[in-house]
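Subject: Structure for you to look at

Hi,

Here is the structure I promised to send over. Have a look first, and then read on for what I found in it.

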Amino acid sequence: MDLIPAPLSSVRLQDQDFPLDRSTTLTAPPALAGAERWLRTALTAATGLPLGPGQPGEGIELVHDGTLAGEAYRLSVRPGRAVVTAGGPAGALWGAQTLRRLLGPDAYRRAPLRGTGWVLPGVDIEDAPRFGWRGALLDVARHFLPKADVLRFIDQLSAHKLNVLHLHLTDDQGWRVEIKRYPKLTELASWRERSMVGYRSGQRRDDRPHGGFYTQDDLREIVAYAAERAITVVPEIDLPGHSQAAISAYPELGNTDVVDTAALGVWTDWGVSHNVLNPSEGTVRFFEGVLEEVLELFPSEFVHLGGDECPKEQWKDSAAAQERIRELGLSNEDELQSWVIRHFDRWLAERGRRLIGWDEILEGGLAPGAAVSSWRGYGGGIAAAEAGHDVVMCPEQHVYLDHRQAPGAEEPIPVGFVRTLEDVYRFEPVPAQLDEVAARRVIGTQANLWSEFMDSARDVDYRAFPRLAAFSEVAWSALPTDPAERDYAGFERRMESHRAVLDALGVEYRPVDGPHPWQRRPGVAGRPIEGPPPAV
């Protein structure tokens, strides 16, 4: 059984297979109705079998067992019977995903290629995840991804038992979420005039307008679709930096005594804009209004507020910002940024939510409930965990999947560090230097896909896969914590058959022998081969 991610334990049983036919039923209790609905929809489309409701004790059955953890499941297959026993709806969904995988790659297609021959192998599987946060960040701000492609990406995550979609919705280069009280954010800030081609400053532009946004109903649909697949969508509204798009729509949000913010447009460069939010009470109220609508759309416990890469030059030159520093009793611009983050930390906590931000938010101190996305290596995560904060490990050196997968100029825009499939498989989220108490603060890990160089779902596929499959095993499976002890050869063998699953899903992953012909871009300048990666 070539399962990815690998389960805790699995035993293949001879002469215990279960052939499916038109009389095979699918049954579940009301508590697991969502997983039942998903499994029936997926398997009926792929097999053509009706899988009608049946009686307990026959056919395919989902069973609830409250003694199991919520995401844990057991799967037992015998002749005429397959039972998924789960601790909760998520566990039932993951067990259903494993059952689907046992039927082979054609079970991932949307229409049947054959009417017979569907056989579940006899197995006993016990499984549960290592981490509660198994995430992927999708940057839809730099390049907008239409709703249908986001839904497709959610299906890919669920197939790999990843349970968090971190949706990066705002940045200097675009605003993607409809805010009804501030309509200019989508009327103006969701489109830019053109985009850089490549990464170096001064490179050519494509002179093609780019943009788009999600209506509030689009986002409700995305959240509901993800929830049906046991995935939580965590929104990111970046502040106080990475905000030029918002300032271009509402110039009063910028530092108007330093810059003619009315002349700003949505930024057309990559990197980090120096145009940041002013720290006035009006700007704070503006973003409280934004977040009120965001909270209504996203029921997630965590809300990501960025907090990274905020240049301070404008605050240093702004008389209004300097007066604000004095008014708040702060010492400098660094403390001013910390004040902004702490304000929204408290604001979210008062509403039963928790702030999460990039590791820069540690500077200045955090409220006890805030969590940290450690992206600049392990250091921020180590400091946060030792200070008692929850941590999601996503270091750029290991799991920034927009970075190239192999050396050589033929890789499309060969940016950042080389991180191969094996490199990702050997990534260990919990640093060895953490003691047992601090290690428990690492609530999970996340792979990030920044979209400066991904302007279509095809580009996302290429950069994400197959490395996201390796990452899923890091996040889910009980691998040795010493990366050198991991059985990469065994994973490679399982990947050979898993590529057929990706083919059936329509994923245009990077082939073993190099980029697709349409992806090869010799001569396109990127960053230096071992230069620093692009900023978040």
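Asp207 is exposed, because its relative accessible area is 55% and the cut-off is over 50%. You'll find Asp207 in the loop between strand E13 (191–192) and strand E14 (210–211). What makes Asp207 worth a click is its positive phi of about 55°, although the residue is not a glycine. Bear in mind throughout that this is a predicted model.

Ala230 is another residue other than glycine with a positive phi, near 65° here. Buried or exposed, then, for Ala230? Buried: its relative accessible area is 18%, and buried means under 20%. Ala230 sits in the loop between H5 and E15.

While we're on the backbone, there are cis peptide bonds to check before you set anything up. One joins Ile4 and Pro5, with omega about 0°, and Pro5 belongs to the segment before E1. Another runs from Leu239 to Pro240, with omega near -5°. Pro240 is in the loop between E15 and helix H6 (244–249).

Now the barrel. Eight strands close up in the order E9-E10-E15-E16-E17-E18-E19-E20, and the pairing is parallel. On average, neighbouring strands of this sheet are turned by 30° against each other, direction ignored.

- E15 and E16: strand E15 (residues 232–239) runs parallel to strand E16 (residues 302–306), and two bridges join them. Leu239 stands opposite Gly306 in E16, and this is the Leu239 of the cis bond to Pro240.
- E18 and E19: strand E18 (residues 371–374) pairs with E19 in the parallel sense over four bridges. Ser374 has Met393 in E19 as its bridge partner.

How do the residues of strand E19 (residues 390–393) point? Asp390 and Val392 go one way, Val391 and Met393 go the other way, and all are buried.

Gly307 counts as buried because its relative accessibility is 0%. Which residues does Gly307 touch, leaving aside those up to four places away in sequence? They are Asp238, Leu239, Gln337, Ile341, Glu360 and Ile361. Gly307 and Gly241 are 66 residues apart in sequence, yet their C-alpha atoms are 6.9 Å apart in space.

There is also an open sheet of six strands, in the order E1-E8-E5-E6-E4-E3, and its pairing is mixed. Its edge strands are strand E1 (9–12) and strand E3 (26–27), each pairing on one side only. Within this sheet, strand E5 (residues 73–78) and strand E8 (residues 123–127) pair over four bridges in the antiparallel sense. Tyr73 has Asp127 in E8 as its bridge partner. H2 packs on the sheet and touches strand E4 (59–64), E5, strand E6 (81–86) and E8. The direction of H2 makes about 35° with that of E5.

The largest pocket holds about 480 Å³ of space. It is lined by 22 residues, and Trp38, Arg100, Asp155, Tyr225 and Arg229 lie nearest its centre. Which elements give two or more residues to that lining? They are helix H1 (33–47), helix H2 (89–102), helix H3 (147–159), helix H5 (216–228) and helix H17 (488–505). By type, the lining residues divide into nine nonpolar, five polar and eight charged.

One last stop is helix H16 (residues 467–476). Ten of its ten residues are buried, so H16 is largely enclosed by the rest of the structure. Charged residues are on that buried list too, including Arg467 and Glu473. Among the others buried in H16 are Phe471 and Trp476.

Cheers

Notes
Residues are numbered from 1 along each chain as its sequence is written. This is a predicted model: local features need pLDDT of at least 70, side-chain atom pairs count only at pLDDT 80 or more; totals for chains, interfaces and linings use all residues. Side-chain values use heavy atoms; hydrogens and water are left out. On a 1 Å grid over the protein atoms alone, a cavity is a set of points where a 1.4 Å probe fits but cannot get out, and a pocket is an open set with protein on both sides within 12 Å along at least five of seven lines; lining residues have an atom within 4 Å of a point. Grid points are joined across faces, edges and corners, and a volume is the space filled by probe spheres set on the points. Buried means under 20% relative accessible area, exposed over 50%, partly exposed in between (1.4 Å probe, protein chains only). Two strands pair if DSSP finds at least two bridges between them. Axes are lines fitted to C-alpha atoms, for helices over the stretch in contact, and angles run from 0 to 180 degrees between N-to-C directions. Contact means heavy atoms within 4.5 Å.
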